[in-house]
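User: I would like to know what stands behind the labels used for a model. Please set each value against its definition.

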Amino acid sequence: MRNQRTPIRSLVTSQGTCIAMDDGMIVWETKLSRKTLRLHCIATVILGMQDDDGNVERMFVGDGNGQLHVLTIPNLVLEKTIPIAHTALRAMCSDSENDFALLIADSSGKVWRYDGVSDTKLLFETNRSISSIRSEGSSIRIQSVWEQCTFERDGLLQNSHDASSSFGENTLLRRLRERQKLDEQRERAESQVRLMA
């Protein structure tokens, strides 16, 4: 019987590719080898961390149960599993204030900090569905559907930009340009018909 796994997350590096399957299987493939590891949950986000030489040495895998799995590369060994939240982890990035710390966003809009040493710390709640997160000095930028928000580390909203309105404006402008081109084509066709008559 053939196994029907579906890739749901992937991370491509110069050293190899990490693929998370829909049955909890994690695959690390290089040109020379293929390693597998089964997590008993489905991955929702993957982040690779490089050493000083630029080689990926760790993979952080967030799952649908709110856990963070730390995997060592290239042997693909589960180093540890840390409970972070009670909902799925959706986005991760390295913390610009500490190279060894992570910022993690869950599906309920909470932003967490994990440094590998102390307990995981809840930084703030956004009450938004977070799809990506980025650390920029003392600020944290998140993407939530069409909205881009910048927060201070205490959760104070610095600014917010809703890109959905510009998308709607662009659609309207595109339709106006299309209509103008059609009108020009119609006028040219009508003028050619008049010349022929």
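The questions below take up labels and the values behind them.

Analyst: This is a predicted model, where local features need pLDDT of at least 70, side-chain atom pairs count only at pLDDT 80 or more, and totals for chains, interfaces and linings use all residues. Residues are numbered from 1 along each chain as its sequence is written, and side-chain values use heavy atoms, with hydrogens and water left out.

User: What makes up the secondary structure of the protein chain?

Analyst: The protein chain has one helix and 16 strands. Both are DSSP runs, numbered from the N terminus: helices are H or I with at least four residues, strands are E with at least two.

User: How does the radius of gyration of the protein chain stand against that of a compact globule?

Analyst: A compact globule of 197 residues would have a value near 16 Å, but the protein chain has 24 Å. The radius is taken over C-alpha atoms, and the globule rule is 2.2 Å times the number of residues to the power 0.38. The C-alpha trace spans about 85 × 50 × 35 Å along its principal axes.

User: Why is Thr150 called buried?

Analyst: Its relative accessible area is 6%, so Thr150 is buried. The cut-offs are under 20% for buried, over 50% for exposed and partly exposed in between (1.4 Å probe, protein chains only). Thr150 sits in strand β15 (residues 147–152). Leaving out residues up to four places away in sequence, Thr150 touches several residues, among them Ile140, Leu156 and Leu157. A contact means heavy atoms within 4.5 Å.

User: What makes Glu29 and Arg34 a salt bridge?

Analyst: Their side chains meet at 2.9 Å, N to O. The definition asks for a side-chain nitrogen of Lys or Arg within 4 Å of a carboxyl oxygen of Asp or Glu. The pair therefore qualifies.

User: Why does Arg34 count as exposed?

Analyst: Arg34 has 52% relative accessibility, so it counts as exposed. Glu29 has 30%, so Glu29 is partly exposed.

User: How far apart are the closest N and O atoms of Asp95 and Arg153?

Analyst: They are 2.6 Å apart, and the two residues form a salt bridge. Asp95 lies in strand β9 (residues 89–95) and Arg153 in the loop between β15 and β16 (157–162), so the pair ties together parts 58 residues apart in sequence. Both Asp95 and Arg153 are buried.

User: Which residues are linked with Asp95 and Arg153 in a network of salt bridges?

Analyst: Arg113 and Asp115 are linked with them in that network. The structure holds eleven salt bridges.
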